[in-house]
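User: I am new to this structure and would like a close look at a single part of it. Please keep the account plain.

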Amino acid sequence: MGLTMHERHALVRELSSRFQLSGKKERSGILNNFVQLTGYTRCYAAYVLRTCGSKQVRIRDGKRIVFIPGYARHPGAKRHRRGRYRTRAFLEALRKFWALSDGLCGKRLVAFLREIVPLLERQRRLLVHDPVVREQLVTASAATIDRLLAKTKRASQLKGRSFTRPGSLLKHHIPVRTFADWSDVRPGFCEADLVAHDGGSAYGDFAQTLTLTDVATCWTETEVAKNKARVHVFAAIKNARSRLPFPLLGLDCDNGGEFINVELMEYCQAEDITFTRSRAYHKNDNCYVEQKNNSVVRRAVGYYRYNQPRQLELLGMLYKVLRLYTNFFEPVMKLREKVRQGSTLTRRYDEPQTPYRRVLAHPQTSQEIKDALTRQYESINLIEVRRLLTRLQQALFRSAIEAGPPPQPPGDFPAANHPWRKGGTFRSKQNSTREEPLLPQAKAETT
């Protein structure tokens, strides 16, 4: 086991004076022993022994960093008292705002607190009345928040399934757009995707959620569709478009038949909307909207099966409220760059901002749109929005539980002309995005 950082700093302080006053041969011997003990490279070890005790200044990512080799921290720096954030009042307030934010991570929760606490103060609806706790909420770092909420967070491991099926040959008439092509876009170029609410059984009819995400600002609209029929998906796209705060300029989707059809292509041509699609079997081409399937849709409505008229009505009401919270109050981070050095991949993100703030900050957003969004933002009561969301979620989940388990397919093996089969066997991955599980009768037949 190697030396700890505290032991290394102590060793540097002990050997630095001897190293600086010795001759060339003695320096070489001290340096050899020091490298063997610490594991430092020879160049860095010589630098540390040579500059121990002197003030060093470096510029990293535009920030000025001051340090002294041989010391874990600046000797004259003021010691930070970690215990001031461990009061019961602060922990209770932090848990309240974490629940209000729908369980955001530390970096996004910091931006959420600095946005919401002043807003609630202006609206006189602040959940905490202690001025000390209010100050701590807007000054706590992301690392402190993650550390204090570690025992409160419960990660979910649930995972859905893909129901995308290849579209018609019409897709060859629609240009391909990959994730790398979204270099510099203005608000209005969106990606679309569907989320299936099958409850674990793909048999029968069940609802679908259309997710529409703007690439430039991360503004997200969700709309419920009765099923994957083209007419319902087309109606959902038009409804989602009507709620966007800016004109729809481009639509990018996957290769499913619910999107790749003549009706949608002619509609986009008539409305001057750029219609593109992703590459087949390249899920990351729709990365901007794919990440919203879990962070927005699944977190709000779960994995239950929804196929009844009352459930569709509740989903529609819930999405009208959810869009206010998602777009005006939930900060998001966008990936700026990825740098690979050997086997190490470093991702750098921008500062967390809500989609509302990104729309205001975009240079191509008109002043009319900014004024309308600002008036809407100031009139929204976040506490009432969260309460209404909770009531709708409880009613939706209760309806799904009362409906019972999802229906199962019949026990008979599908006929040879069934669309699941091709030439007497189930379709391979070249013809379907996932393999259908074999029924017991199918297993006996194939053996």
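Is strand β5 (residues 220–225) largely enclosed by the rest of the structure or exposed, and how many of its residues are buried?

Analyst: The model is a predicted one. In strand β5, six of the six residues are buried, so the strand is largely enclosed by the rest of the structure. The side chains point two ways: T220, T222 and V224 go one way from β5, while E221, E223 and A225 go the other way, and all are buried.

The neighbour of β5 is strand β4 (residues 208–214), which runs antiparallel to β5 and is joined to it by six bridges. One of the residues of this pairing is T213, whose bridge partner in β5 is T220. Between the two strands of the hairpin lie five residues, and C218 takes a positive phi near 65° there.

W219 belongs to a cluster in which ring pairs also link F328, F329, Y356 and Y377. A search of the whole structure finds 10 aromatic pairs. One of them joins Y44 and Y47, which are tilted at 35° between the planes and lie 6.2 Å apart, centre to centre. Y47 is buried, with a relative accessible area of 18%. F328 counts as buried at 0% relative accessibility, and Y356 is buried at 2% relative accessible area. Y377, also in the cluster, has the charged end of R357 over its ring, 5.3 Å from the ring centre.

Technical notes
Residues are numbered from 1 along each chain as its sequence is written. This is a predicted model: local features need pLDDT of at least 70, side-chain atom pairs count only at pLDDT 80 or more; totals for chains, interfaces and linings use all residues. Side-chain values use heavy atoms; hydrogens and water are left out. Buried means under 20% relative accessible area, exposed over 50%, partly exposed in between (1.4 Å probe, protein chains only). Helices (H or I, at least four residues) and strands (E, at least two) are DSSP runs, numbered from the N terminus. Two strands pair if DSSP finds at least two bridges between them. Rings of Phe, Tyr and Trp (its six-membered ring) pair if their centres lie within 6.5 Å; planes under 30 degrees apart count as stacked, over 60 as edge-to-face and the rest as tilted. A charge sits over a ring if NZ of Lys or CZ of Arg is within 6 Å of the ring centre and within 35 degrees of the ring normal.
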